[in-house]
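Q: Could you show me, step by step, how to read the features of a protein model?
A: Let us look at the structure first and then take its features in turn.

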Amino acid sequence: MLNRRNMLALGGLTGASILLPPDAAVAALAPDGDPARRRRGSRPDDRVHVPPFSVEMPLPPVARPVAVRRDADVYRIRIRNARVEVVPRLLTPVMSFGGGFVGPTIMARTGRKVIVKYRNELDEPANVHVHGLHVPASSDGHPMDVIQPGGVREYVYPNGQQGATLWYHDHSHHTEAQHVYAGLHGFYLIHDPSERRYGLPSGRYDVPIMIRDALITPTGKLAYDVPDTRNMLLANGRPQPYFRVAARKYRFRLLNGTTHRLFRLNLGGVPMIQIGSDGGLLPAPQEMRELLISSGERADVVVDFGRFRPGRRVVMYDTSGAVMCFDVVHRVEDPSRVPDELRPLPDLPEPTVTRDVVFDLQLTPPQPKYLMNDQVFDHDRVDFRVRRGTTEIWRIHNADVELGGINHTFHLHLEQFRVLDRDGAAPWPSDRGRKDTIYVPPGQSARVKVRFTEYLGKYVYHCHFLDHSSLGMMAQLEVVP
Ligand code: C2O
Ligand code: CU
């Protein structure tokens, strides 16, 4: 039989996620092509609904340093329980960084150190990983390296990388999925002064947007249930909000902050000019009609509202419905631009090592197993020993084709990689640039190339459907001299 925990992790079967009543036999799993069946099993009055575009999208607060030292900006953030308004006039208990549902945005600068001192005021262990950051192992937020309740912990981030849209979230082993779902997430943006010359929209026209889902009960509880029950789409923590824009270009830093979901985003025909992906700017902008973003991935896009009159509404849709809308309210000067060429991608050295990573969720009774390379995560085991300075090719394969298939999303800590190909064919448009996370559909493979640079120590790589990684779909590498 499937237990509750395993049930939670089974969502995200391709196209047609299956929702089973708790304790359904494994044998009952069957391919299901009908999206209308996704929500089978949850009663409609279990959840609240908010009319679309009735609340305003907030901007997450920007973290203010408690000290600006010669060598570093120092922040202090409490990890604590809070009650926030997600749905209007209803308070929802969440876990938070600093008291808000989306944590304070940490604004870092290339080449300048950031130190964050966290105090864990929850009654359970938690920790912090900055997703996409190139960082010494001691500050990476390894799943076993947690902050005990009442404890404090200082993370030191060198920020020796180019400008990028990163995010920080809990990574405490076995509880990361619940914790991130409950609100332990926020933006970590690196600004690179050398990128100012591109003239991209900046300041108030550079807007981070965390998109995630939620299931909120009529009493305001944020319920952690099977991913497919999460009917509400949130942008920066509010359901299907509106956002007022001027008739000009904006840079939106889109993050899929779900624990377990693929978004296919479009603006109803309005083009999105993608300028960046996980690890920073692309070599050149590319016009996208649809953005595929899996859990943990980011896409930086420029949208030009300059051709619209005030009064025009542009809706952002996912295939599952409207995410939010942009309401054009007034005209304004627009000195920003999107140059034809952005940041070049330097060549990586010739790879000398090739490795395979295979995702395999075994549904065989009595207990499903969440495997990478036939094993569940064991922090005492080093799966890959990597020599510092080496360039490697990793072939990521999703072996889960049975029962209609199960989606997985690969994430590597420490280094950004480049996608070389997908089953021998060209990478997808969404694979361009520096990536740390990619979606791999059932039965398919992707090859990525990565160079391990200066840092030594143990880091993890895992499925970024956190409902999978928390059950063991994770492994460990060690960089050695
Ligand atoms: Cu976004 Cu290992 O995590
Ligand atoms: Cu997975």
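Q: Which strand supplies the largest share of the lining of the largest pocket?
A: The largest share comes from β4, with four residues. On a 1 Å grid over the protein atoms alone, a pocket is an open set of points with protein on both sides within 12 Å along at least five of seven lines, a cavity is a set where a 1.4 Å probe fits but cannot get out, and lining residues have an atom within 4 Å of a point. In this structure β4 (103-109), β9 (185-191), β10 (206-214) and β14 each supply at least two residues of the pocket lining.

Q: Before we go on, what kind of model is this, and how are its parts labelled?
A: This is a predicted model, in which local features need pLDDT of at least 70 and side-chain atom pairs count only at pLDDT 80 or more, while totals for chains, interfaces and linings use all residues. Residues are numbered from 1 along each chain as its sequence is written, chains are lettered from A and ligands numbered from 1 in the order in which they are written, and side-chain values use heavy atoms, with hydrogens and water left out.

Q: How much space lies in the largest pocket, and in the largest cavity?
A: A volume here is the space filled by probe spheres set on the grid points, which are joined across faces, edges and corners. The largest pocket holds about 530 Å³, and of the 27 residues that line this pocket, the closest to its centre are His191, Ser202, Gly203, Asp206 and Arg253. Three cavities of 30 Å³ or more are counted, and the largest cavity holds about 60 Å³. The lining of that cavity receives the most from β18, with three residues, and includes Leu291, Leu292 and Ile293.

Q: In what order do the strands of the open sheet lie?
A: Strands of a sheet pair through backbone hydrogen bonds, either parallel or antiparallel; two strands are taken to pair if DSSP finds at least two bridges between them. Here seven strands form an open sheet in the order β12-β11-β10-β14-β19-β16-β17, with mixed pairing, and the edge strands, β12 (238-239) and β17 (280-288), each pair on one side only. Within this sheet β10 and β14 run parallel and are joined by six bridges, and Met210 stands opposite Leu255 in β14.

Q: Is Lys249 buried or exposed?
A: A residue is buried under 20% relative accessible area, exposed over 50%, and partly exposed in between (1.4 Å probe, protein chains only). Lys249, which lies in strand β14 (residues 249-256), has a relative accessible area of 14% and is therefore buried. The side chain of Lys249 reaches the backbone oxygen of Ser336 at 3.0 Å; such a polar contact is a pair of N or O atoms within 3.5 Å, where within protein one must be able to donate a hydrogen and the other to accept it, and residues adjacent in sequence count only if both atoms are side-chain atoms.

Q: Where is Thr92 found, and what does Thr92 touch?
A: Thr92 is found in strand β3 (residues 91-97) and is buried, with a relative accessible area of 1%. Contact means heavy atoms within 4.5 Å, and, not counting residues up to four places away in sequence, Thr92 touches Ala82, Arg83, Val84, Val86, Ile216, Gly220 and Leu222. A polar atom of the Thr92 side chain lies 2.8 Å from the backbone oxygen of Gly220. Five of the seven residues of β3 are buried, so this strand is largely enclosed by the rest of the structure. Strand β2 (residues 72-85) pairs with β3 in the antiparallel sense over seven bridges.

Q: Which residues coordinate the copper ion (ligand 2)?
A: Donors are N, O and S atoms within 2.8 Å of the metal (3.2 Å for Na, K and Ca), and since water is not among the atoms, sites may look incomplete. The copper ion (ligand 2) is coordinated by His408 (ND1), Cys463 (SG) and His468 (ND1), at 2.0 to 2.1 Å.
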